[in-house]
Amino acid sequence: MNHGIDADSDADKTAADRHARLEFMTWERTPAEADSPSQRALKEKLAQSANARIADTAYIAEDARIFTSALTVGKRSWIAAHALIRGDFELGTNCSVNAYACISGKVRCGNGVRIASLASIVGFNHGFDDPNTPINDQPHEIKGIVIGDDVWIGANAVILDGVTIGNGAVIAAGAVVNKDVAPLAIMAGVPAKLVRHRGEKPAAARSLRSEVEQALRSISEMAKSQWRDVLSHYRRPEGYLSADASGAVCRSARHQCDAIEIAAGFGEPPSGEEAKAIIDRLRSLQDPQTGLFPDPFTPPDPSALVLDDTFSLYNVLAVGYALEILGARPKFPIAIAEMDAVALCDWLEALPWKQRAWRCGDRIDGIATALYFNARYFESGRGREVLFGWLTTHVDRATGLWGRPTAEQGLLQPINGFYRLSRGTYGQFGVPVPYPEAAINSVLSHYRNYQGFSGDSYTACNLLDTIHPLWLCLKQTDFMRVQSEAIAETIILRAPERWQAGTGFAFADGQQASLQGTEMWLSTLHLAADVLNLTEQFAFVPQGVHRTRAAGLGV
């Protein structure tokens, strides 16, 4: 029996894999890894061999090639494997030098500088004017290169000696810069020429933005003028009758809640005696023991676990927020959400993360929202802290998601699950998403893999589950903002043709319009407008399930 030896071997392999990953994906290093014994030893070695002064929180890959006469590396900066650093180099705080970049001569970088792989920054020059003397025998000239703060230098770009690059500039991939660059300039080409300044929109972009704004105003005007007709279309004496996500017409407690949210989104929620009657009806749905809201039209399966009833758990959101819109609250605390730490962790770990990440996110959305209502209106334990702790330790750092892709659907399950999970937790309580850049990259990859969705996959769910994560993560970073804005523009441009006069939006292409489709589409358009900073041009503002204001952990 060599269980101990096998365990040690597995641990060694895991450590070796982690080390190999950090050599090239250095941005993933943790504070502990930046100040590990091996990093301290490497920094001490470089202090002797390369006259280096390296911050404790900086990270230097062991396979970086550093042969400097003087080197300064600021806090939280990194140099990746196989980067070649020679001469006299200063790197500010929060900077990065990616793999295979080459920096020579005298180079000074400010803070927040990003240097991509294979960039070449040459702060010296060979003499070559005398044709009678071999170039290798002619003297070197050193003017030096100065790079300001917040500068991005793209892959394969070349910066020549004597150049100063202003704050906020962007050097495109493959550009050759032989003259000074103004602040905020975007430079491209050989030799590099000014494309535009950051913050400016090129002519084509301005034209597209004008089309987007026109489409947004068009759908806003149609929806604002017709929303009362839409609600009347589905209203019956006994309640609302509308299609669900499958396209089947049915009765559901959700229909009433969608109607309330649509009216509230246009600034006119039910009031007076009508509101009082609705409040009484919605509060009567709540089960006093569990605190859940079973749907009277689709009763739960008595043989199933309580938290496996999708309708009962989703109605925590639908009914709970509808009551808030009407100035009321749930009648009872949602007791089923108040698990102790062990029970909550056991429940989380038993969810089907590998096969049905969407369902996992759906369940967490319901539980997190229950904890919100309990904390706001009743008494709540430490479930929120336990929940966020578990999520933090189980997120996939490479994708920024929870759960795994499937062979049939790719990233669909974890992406759609991310929306539900993050909506009820990070979005609702105003807590930063753990790995926003990785999550954005995953969402964009998923969107590309489905070619922006089409046919029966062009649904309010798939679009909302795309735009909400982008909207949420862009609050923390500008990573891939241009690509995210392009998706928001496309969503808006394709919306007006999908509005059905007097009945609203369908949940999916090919279906009849519905209350659910209308509320979800209007919320999706609001989020897309917010990504583009155009919310003032859209009349609908979500007030319930898809509202954008955060409560905070203290509620």
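Is T14 buried or exposed? I looked it up: T14 counts as exposed, because its relative accessibility is 52%. The cut-offs I use are buried for under 20% relative accessible area, exposed for over 50%, and partly exposed in between, with a 1.4 Å probe and protein chains only. T14 is found in helix α1. Its C-alpha atom is separated by 53 Å from that of S242, 228 residues apart along the chain.

**Ground rules.** I am reading a predicted model, where local features need pLDDT of at least 70 and side-chain atom pairs count only at pLDDT 80 or more, while totals for chains, interfaces and linings use all residues. Residues are numbered from 1 along each chain as its sequence is written, and side-chain values use heavy atoms, with hydrogens and water left out.

**Confidence.** I checked pLDDT, the predictor's confidence in each residue, from 0 to 100. The protein chain averages 92, and 96% of the residues score at least 70. Confidence is lowest in helix α1 (residues 3-24), with a mean of 70, and highest in helix α15 (residues 515-531), at 98.

**Overall build.** I find 15 helices and 22 strands in the protein chain. Helices (H or I, at least four residues) and strands (E, at least two) are DSSP runs, numbered from the N terminus. The C-alpha trace spans about 100 × 70 × 40 Å along its principal axes. Of the 555 residues in the protein chain, 50% are buried.

**Helix α9.** I took α9 (residues 357-377) next. With 21 residues at 1.5 Å a residue, α9 should span 30 Å, and its end C-alpha atoms are 30 Å apart, which agrees. The expected span here is 1.5 Å times one less than the number of residues. In α9, 18 of the 21 residues are buried, so the helix is largely enclosed by the rest of the structure. I then moved to E379, in the loop between α9 and α10 (383-394). E379 counts as exposed because its relative accessibility is 73%. E379 lies 7.9 Å from P333, C-alpha to C-alpha, though the two are 46 residues apart in sequence.

**Largest pocket.** I searched a 1 Å grid over the protein atoms alone: a cavity is a set of points where a 1.4 Å probe fits but cannot get out, a pocket is an open set with protein on both sides within 12 Å along at least five of seven lines, and lining residues have an atom within 4 Å of a point. Grid points are joined across faces, edges and corners, and a volume is the space filled by probe spheres set on the points. The largest pocket holds about 2100 Å³. Its lining has 49 residues, with W152, E437, D478, F479 and M480 nearest the centre. β8 (114-115), α4 (203-234), α12 (436-449) and α14 (481-493) are the elements that give two or more residues to this lining. α14 gives the most, with six. I count the lining by class as 24 nonpolar, eight polar and 17 charged. Here Ala, Val, Leu, Ile, Met, Phe, Trp, Tyr, Cys and Pro are nonpolar, Asp, Glu, Lys and Arg are charged, and the others, Gly among them, are polar. Among the buried residues of α14 are S484, E485 and I487.

**Largest cavity.** I find one cavity of 30 Å³ or more, and the largest has a volume of about 30 Å³. Its lining includes R254, Y314 and H546. α5 (253-265) and α7 (310-325) each give two or more residues to it, and α5 gives the most, with four.

I noted a cis peptide bond from V190 to P191, with omega near -10°. P191 sits in the loop between β18 (185-188) and β19 (193-197). L118 has a positive phi, near 70°, in a residue other than glycine.
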